[in-house]
Amino acid sequence: MFSTLRGVCSASAKFRNTRIVTLVSFPTRSVKNFPKVPVERCEKRLNIPAQIQLSNRKFHTTNRRDIPPVLALILRPVLRIGAFIFGRTLRKWWGKIDPSEREQYAAFLRKKKPYLYGFLGAFFSMLAIYYVLHIENAPITNRPRFIMFTKQQQAAFEKFQLELHLEEHMDKILPHNHPVYQQLLKVTTRLLNANKDLPYIKEKNWTLSVIDLPENNAFVLPGGNIFIFTGILKMIENEDQLSFIIAHEMAHSLLKHAMEQVSNGFIIDVLLLLPIVIIWALFPDSIALILQLTGYQILNIFHDLPYNRALESEADEVGLTLSAKACVDVREAVVFWKMMRSLEELNAEPTNVTWLSTHPNHKDRAENLNGLMSKAIALRGSYQCPGLSPVDPRKKFDAQSIKDVEARLKLRGVL
Ligand SMILES: [Zn+2]
């Protein structure tokens, strides 16, 4: 299954089995003592998350005939395996036929070389035209990107994804009257209302689901279905940090990052078809395997990971804007990532090596957000928000020693 941009996005298995909700400003009633949502039948599950209704949900449908997202997901491994099988079969067959027959085939190919080049040229030209015709600008940031799915297909995929995740977590979803759910709903609704001037906000059918599990994670589905694990709440110190985290997840959905990732991955797999066939046709199995795996590693390090980190940074940037409009103390976003960085220093979380990670490291995230801070604070001011506290939480955090931070984290049950 493709990545649904899980996480705030640095989930660590290290925090499993630790205490649940100890958020300072949150109700202290244990999540575990609260009744679970009765879910008996599949069709009821769609009603579990509260739908945060705004207005005028619109879908602009087109008649374009493209590949549906689910099919694209299935086709990706099929293409890779198909190319491997075809290339290898070609080599085995070539090894079995007579030398005279080989020479006949070689002569035939030499004769047909212009047609072969013509076919390849036409294929790659059509692919390039298809790519260019499917480039659209990302909302808010206006970054051009390739998305190969129609809005209808995206809507069907969004529904499919939601059902899949609700089914996975059906026994752990907190009821709507749970105080933690209510608190998170309040923050989410505030963010949505503050940003309802954005048409992309109104187009989505936002939902919120809180999963009662100790995972340090939150994620959003393409359709605007926000999932928050109670485990992450102990990492968050206040409502401003929580707002930023939810806004970051909302940004992923608004920017259609999941659809972009599937589209991008599909086109790369199509481009890899020919190299895979050539590798398996020319080299013995062991060498072909090494070449293919090395190729994937190179692609991963030089394309996939930087690309995913760029999407994360974009979600941080847009999340900060959404938060500023909701009068959040946006400086707390920096404090949150500084805190995550401190966890690394305290060896409480695996060190995030940037070039090997799908997410920017915590220090880089804090610095990136800091760089955007004056703009975000000015934006906040233009929305008639109450003035920020004269005590800058970033400076307050920086004034602490690592021992002080450790003590704070211990107090909250994080360490
Ligand atoms: Zn993210």
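Among contacts in the protein chain between residues at least 6 apart in sequence, those joining residues at least 24 apart come to 78%. Keep in mind that this is a predicted model. The chain's secondary structure amounts to 15 helices and 6 strands, and buried residues account for 36% of its 415 residues.

**Helix pairs**

- Two packed helices are described by the angle between their axes and the distance between the axes.
- Take α1 (residues 69-96) and α9 (residues 257-282): these helices pack at an angle of about 5°, and their axes are 7 Å apart. That angle makes α1 roughly parallel to α9.
- Sort the residues of the α1 and α9 contact by type and you get 19 nonpolar, 2 polar and 5 charged.
- Helix α8 (residues 239-254) meets helix α11 (residues 331-345) at an angle of about 85°, with 8 Å between the axes. So α8 is roughly perpendicular to α11, because angles from 65 to 115 degrees count that way.
- On the α8 side, the contact uses Asp-240, Gln-241 and Phe-244; on the α11 side, the partners are Glu-332, Ala-333, Val-335 and Phe-336. By type, the residues of this contact are 4 nonpolar, 1 polar and 2 charged.

**Nonpolar cores**

- The largest nonpolar core has 59 residues, and the members touching the most other members are Leu-191, Val-210, Ile-228, Ile-246, Met-250 and Ala-251.
- What does Ile-246 contact, leaving aside its neighbours within four places in sequence? Val-187, Thr-188, Leu-191 and Ile-226.
- There is also a second, separate core of 8 residues, with Phe-149, Ala-258, Val-262 and Phe-266 among them.

**Annotated transmembrane regions**

- An unreviewed UniProt entry puts the annotation "transmembrane region" on residues 115-133 and 266-283.
- In the model, residues 115-133 are 100% helix and 0% strand, with the end C-alpha atoms 26 Å apart.
- Residues 266-283 come out at 94% helix and 0% strand, and the end C-alpha atoms of that span lie 26 Å apart.

**Helix α15 and Ile-402**

- Helix α15 (residues 402-411) contains Ile-402. This helix is hardly covered: the count of buried residues among its 10 residues is 0.
- Is Ile-402 buried or exposed? Ile-402 is exposed, because it has 10 other C-beta atoms within 10 Å, and 12 or fewer counts as exposed.
- Not counting residues up to four places away in sequence, Ile-402 still touches Ser-342, Glu-345 and Leu-346.
- Ile-402 and Met-339 sit 63 residues apart in sequence, yet their C-alpha atoms are 9.9 Å apart in space.
- Just after α15 comes Gly-413, with a positive phi of about 80°.

- Cys-327 isn't a glycine, but its phi is positive, near 65°. You'll find Cys-327 in the loop between α10 (285-325) and α11.
- With 18 other C-beta atoms within 10 Å, Cys-327 is partly exposed.
- Where does Gln-384 lie? Gln-384 is in the loop between α13 (373-382) and α14 (393-398).
- Gln-384 also has a positive phi, about 55°, although it is not a glycine. Gln-384 has 7 C-beta neighbours inside 10 Å, so it counts as exposed.

Notes: Residues are numbered from 1 along each chain as its sequence is written. This is a predicted model: local features need pLDDT of at least 70, side-chain atom pairs count only at pLDDT 80 or more; totals for chains, interfaces and linings use all residues. Axes are lines fitted to C-alpha atoms, for helices over the stretch in contact, and angles run from 0 to 180 degrees between N-to-C directions. Helices (H or I, at least four residues) and strands (E, at least two) are DSSP runs, numbered from the N terminus. Angles under 35 degrees count as roughly parallel, over 145 as roughly antiparallel, 65 to 115 as roughly perpendicular and the rest as oblique. Two residues are in contact if their C-beta atoms, placed from the backbone, lie within 7 Å. Ala, Val, Leu, Ile, Met, Phe, Trp, Tyr, Cys and Pro count as nonpolar, Asp, Glu, Lys and Arg as charged, and the others, Gly among them, as polar. A nonpolar core is a set of buried Ala, Val, Leu, Ile, Met, Phe, Trp, Tyr and Cys residues joined through C-beta atoms within 7 Å. A residue is buried if 20 or more other C-beta atoms lie within 10 Å of its own, exposed if 12 or fewer, and partly exposed in between; C-beta atoms are placed from the backbone. UniProt positions are given in the numbering used here, feature names are shortened, and annotations may be inferred rather than shown by experiment.
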